[in-house]
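Student: Could you go through this model with me, starting with how its strands are paired?

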Amino acid sequence: MANPFEQPVTTGALDPTANPFRPGMGRVPPDFGGREPALRRAKHVVDQLTRGQAPPAVLYRGVRGVGKTALLAYVRQQARSRGLLTIHLEADRGDADLTASRETLLRDGAALLDGPGSTEVPLAVLERRSGHVVARSAGSPQATFERAVGDLAALAGAAGRGVLLTVDEVHEAEETLLKPLLRAAHRTAQDDLPIGVLLSGLPAAAETLFDEGQTYTERLERVELGLLDRDGTAEAIRSPFAREVGAEVDEFVIDAVQDGSGGYPWFVQLWGAALWDLAGDPTRVRLEDARAAGVEVHERVEAFFVDRWRRVPSGRATRLVVTLAELGGEAEMSEVTTALDLTHQALSPARREVVDRGLAWAPGRGRLAFTVPGFADWVRRTRPDEGGVPG
Ligand SMILES: Nc1ncnc2c1ncn2[C@@H]1O[C@H](COP(=O)(O)OP(=O)(O)O)[C@@H](O)[C@H]1O
Ligand SMILES: [Mg+2]
């Protein structure tokens, strides 16, 4: 047997340890396919902050796996490399009194209290206490949080250093976290302070706030992130091969990836990673490589679907999922209720459960669709409700 330390075991022509693709939640891909408009919005925010101006707040929305977390992480990297201070929060419905969010905010923003001019800035709630920064209560956790953001913005203005605040999964805490944050951002923008807010969440995130017509949503731009079209997929696959090893990728390969992944970014990364590991020629990725990669990706995706299925609550939600699969994976709710012979009202708790668990979403009023391409086919093929999947 060969010693793998002396003779690396490789199946393909490219070094697997140099594989640039990043399948996995929240991982920054080597190239963002099809996201030029989304990245342009973020760049605008970063550019304004580096000039000391107040940018608009941006909310990226999309189903799980389209690249929201990765996009925020990438923009933070870019912001830091331009000298901005970055603060990252993840909304959590368990953090109702905002303890965790406030602690992160203060920890990551603490540097501003040492910044130039900081001692001249009148602060509403922040203060130094035995070496670290605390926020005095402003009455409620929300009010305290809102003022703390305002204080950080004032310090940023005094120091002449822009701050980028990113918040992921905002749908988890719209009332508790998002509202005070947007109110604070609205105020700091009026004062032209250099604090920028990039948010992300599921497709319906903040929709009630927009519906209520709150003034602080006026300056909140919505950017919807969807599945990649063929050009987007081609960019995400081709650019890393070209940049890293100067390899070309055949059109047939791009067709196979687009067909197999449905343009779902997480699957596109899986495809890219498998193509890299299996490519037989270091200068050109061919259809035969795509066939081999397809087998590997298929196994990973099946395992992922089994895992998703286990998240389907039993009872009506199961019947709802199977019916939606039979209807092709996207349908009018009225078609679903007719097929199940149930009223909207009777089905609505089950609908909410599958949406809350990220299995389905509403691509339009009164419509329901699975969030991941291929899931409907998988349900029809394996009939997991009839025991097709080992529990
Ligand atoms: N535009 C893109 N092109 C290709 N791959 C992407 C793109 N955006 C994200 N990805 C990849 O998709 C996967 C899911 O990204 P993630 O940020 O976790 O999604 P979300 O936060 O929306 O659930 C990751 O592997 C990431 O590298
Ligand atoms: Mg995410």
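Student: Which residue is the bridge partner of Leu59 in S6?

Tutor: In the strand S6, Leu59 has Leu199 as its bridge partner, strands being DSSP runs of E with at least two residues and helices runs of H or I with at least four, both numbered from the N terminus. This is a predicted model, where local features need pLDDT of at least 70, side-chain atom pairs count only at pLDDT 80 or more, and totals for chains, interfaces and linings use all residues. Residues are numbered from 1 along each chain as its sequence is written, while chains are lettered from A and ligands numbered from 1 in the order in which they are written.

Student: How many bridges join S1 and S6?

Tutor: Strand S1 (residues 57-61) and strand S6 (residues 195-201) are linked in the parallel sense by four bridges, and two strands count as paired if DSSP finds at least two bridges between them.

Student: And what order do the strands of the open sheet have?

Tutor: The five strands run in the order S2-S5-S6-S1-S7, with parallel pairing, and the edges are strand S2 (85-90) and strand S7 (220-224), each pairing on one side only.

Student: Switching to the ligand, which residues come nearest to ligand 1?

Tutor: Pro29, Gly67, Thr69, Ala70 and Pro265 come nearest among the 25 residues around ligand 1, where near means a C-beta atom, placed from the backbone, within 6 Å.

Student: Which helix gives the most to that shell?

Tutor: H9 does, with four residues, and both helix H2 (68-81) and helix H9 (265-278) supply at least two.
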